[in-house]
Amino acid sequence: RVIVHLDLDCFYAQVEMIRNPELRDKPLGVQQKNIVVTCNYEARKRGVKKLMSVRDAKEKVPQLILVNGEDLTPYREMSYKVTELLGEFCPLVERLGFDENFVDITEMVEKRLNQLQQSGCSRVCVSGHVYNNQAINLQDATHVRLVIGSQIAEELREAIYTRLGLTGCAGVASNKLLSKLISGTFKPNQQTVLLPESCQDLIRSLEHIQKVPGIGYKTAKRLETLGVRNVCDLQAFPSAVLEKELGVSNAQRIQKLSYGEDDSPVTPSGPPQSFSDEDSFKKCSSEVEVKEKIEELLHNLLDRIDKDGRQPHTVRLTIRQFSSTDKWFNRESRQCPIPPHLIQKFGKESSNIISPLVDILMKLFRKMIDVDLPFHLTLLSVCFSNLKDVPSSKKGSIGFYLKQMSPPSGSGKRVREVEDVSHGEGSTSWNQSCNRTGTTKTRKLSEEKKSNTKKAGIPHFPFHLFPADIDQEVFRELPEDIKKEILSEKT
């Protein structure tokens with residue numbers, strides 16, 4: 001395979017410079033809370049670093065211009081434009097965060113190779129750097145494919161710059177792991193190709209085991225307790241002991257990664273699988289504050305979900321409690337299904353669902369935190385997932401013609417058969433909630449409906465089970481056999 005990893009340079013800062021060209025060639029930082037989350041290369045030249053505190057950055061460079069980057073909308077929109085553009089060249093594009101993409105260009109390389117062979121041309125030139133300055137052997141088919149891959153990578157970078165005004169680095173290698181590791185070798189706005197013979201040099205140059213993509217913080221900590229701190233340690237570690245500690249599949253996976261082996265495919269990302277937003281802060285220690293911050297997060301999230309058009313079916317709350325030893329990784333989450341009556345309101349009555357969603361999220365919060373005791377949070381995150389298309393009846397199906405129109409309010413045509421009891425308890429089954437019996441008034445009305453359906457010639461059917469989306473006036477006009485078929489399908 002030939003895989004390209006594209007990593008955009010100081011992405012947030014570049015987006016801000018495109019939005020305001022006057023910021024070009026000036027030291028620029030993008031601020032979130034009291035942190036400079038990224039900065040342009042002009043600021044980096046003068047000593048500003050990513051994740052530096054605003055106070056330290058200003059002390060370092062008094063003329064540093066700071067732009068508020070807490071609204072991620074412009075970055076998100078530009079990120080999707082990049083992925084969309086890459087998709088015009090090749091269908092196999094996988095997003096990795098806002099500023100990174102994998103592209104599997106294997107088929108493109110094969111086509112170019114065939115064209116070269118048919119034209120009788122045997123000379124190809126590499127674009128960009130070759131890791132370790134390794135000599136290219138044009139008699140080696142793998143070398144030739146990677147060289148052609150470097151030419152395509154340059155074309156992709158050129159297209160991103162010409163069309164969107166963004167620069168970025170690229171790594172060209174035989175798998176996702178290696179292409180990601182190699183892409184940042186020369187920065188900014190440069191690219192590097194990795195030939196197979198230099199793979200082990202690259203892998204062994206990594207200072208710490210956590211520098212290997214695919215080995216996370218917690219796994220790295222467990223490996224450290226076993227005396228494994230770098231790639232060489234991991235390669236030499238007995239497989240049997242590792243499997244006992246981490247499980248067979250996980251042990252085999254990370255040991256393969258330590259040798260630069262990665263079979264994972266480039267999976268086209270498609271639309272996002274979830275929508276999430278988070279807020280970090282120095283201290284949040286009251287339920288009132290938690291509720292306010294959750295409401296703020298929901299406003300932004302519901303706007304994004306409305307634009308997407310799909311409906312989420314699961315909501316998750318993540319918190320991070322203060323810890324002097326585990327500053328960044330001390331997170332805990334709880335999730336639950338969203339009640340069906342709320343799901344239907346996404347995209348239609350979003351302003352009306354904030355309050356019940358806050359109630360659900362506060363119940364999840366109380367499952368993690370004993371509010372009767374003091375607590376100290378430094379982060380809250382809300383995530384909507386399990387996204388599904390809005391169900392719709394297509395014209396041509398009988399369901400389309402039977403769709404019930406919403407009657408005017410107060411007409412008495414619609415009856416609330418079930419008491420609304422699903423309010424987001426994580427362990428509650430929404431089905432159980434919806435099967436509770438309603439009030440006496442509801443039962444009386446359903447008796448009246450039953451007698452009406454008998455008069456109209458409709459087969460006996462309990463009103464509380466009658467499909468709510470069927471217009472009964474249209475239903476009465478249908479032949480008896482079709483009525484029976486519809487009712488049997490609905491039950």
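These are my notebook entries on a few places I looked up in this structure.

**Entry 1: ground rules**

I am working with a predicted model, where local features need pLDDT of at least 70, side-chain atom pairs count only at pLDDT 80 or more, and totals for chains, interfaces and linings use all residues. Residues are numbered from 1 along each chain as its sequence is written, and side-chain values use heavy atoms, with hydrogens and water left out.

**Entry 2: the whole chain**

I started with the secondary structure, and the protein chain comes to 20 helices and 14 strands. Helices (H or I, at least four residues) and strands (E, at least two) are DSSP runs, numbered from the N terminus. Next I looked up burial: buried residues make up 41% of the 491 residues. Buried means under 20% relative accessible area, exposed over 50%, and partly exposed in between, with a 1.4 Å probe and protein chains only. Then I turned to contacts (heavy atoms within 4.5 Å). Among those between residues at least 6 apart in sequence, 63% join residues at least 24 apart.

**Entry 3: strand β1**

I went to β1, residues 3-8, and found that six of its six residues are buried, so the strand is largely enclosed by the rest of the structure. In a regular strand the side chains alternate between the two faces of the sheet. Here both faces are covered, with I3, H5 and D7 buried on one side and V4, L6 and L8 buried on the other.

Which strands does β1 pair with? I found β9 (residues 168-173), antiparallel over six bridges, and β7 (residues 100-104), antiparallel over five bridges. Two strands pair if DSSP finds at least two bridges between them. L6 has A170 of β9 as its bridge partner, while D7 has E100 of β7.

I noted G184 as partly exposed, because its relative accessibility is 33%.

**Entry 4: R95**

I then visited R95, in strand β6 (residues 93-96). R95 is buried yet has no salt bridge, and the nearest side chain of opposite charge, D99, is 8.8 Å away. A salt bridge needs a side-chain nitrogen of Lys or Arg within 4 Å of a carboxyl oxygen of Asp or Glu.

What does the side chain of R95 join in a polar contact? I found the side chain of S79, at 2.5 Å. A polar contact is a pair of N or O atoms within 3.5 Å; within protein, one must be able to donate a hydrogen and the other to accept it, and residues adjacent in sequence count only if both atoms are side-chain atoms.

**Entry 5: the four-stranded sheet**

My last stop was an open sheet of four strands in the order β11-β14-β12-β13, with antiparallel pairing. The edge strands are β11 (274-284) and β13, each pairing on one side only. From one strand to the next, the twist averages 15°.

I looked at β12 (residues 314-321), where six of the eight residues are buried, so this strand is largely enclosed by the rest of the structure. Seven bridges join β12 to β13 (residues 331-337), and eight join β12 to β14 (residues 377-385). T318 is partnered with S333 in β13, and L317 with V382 in β14.

Helix α15 (residues 350-368) lies across β12, β13 and β14, at about 45° to β12. Axes are lines fitted to C-alpha atoms, for helices over the stretch in contact, and angles run from 0 to 180 degrees between N-to-C directions.

Notes: Lys, Arg positive; Asp, Glu negative; His and termini not counted.
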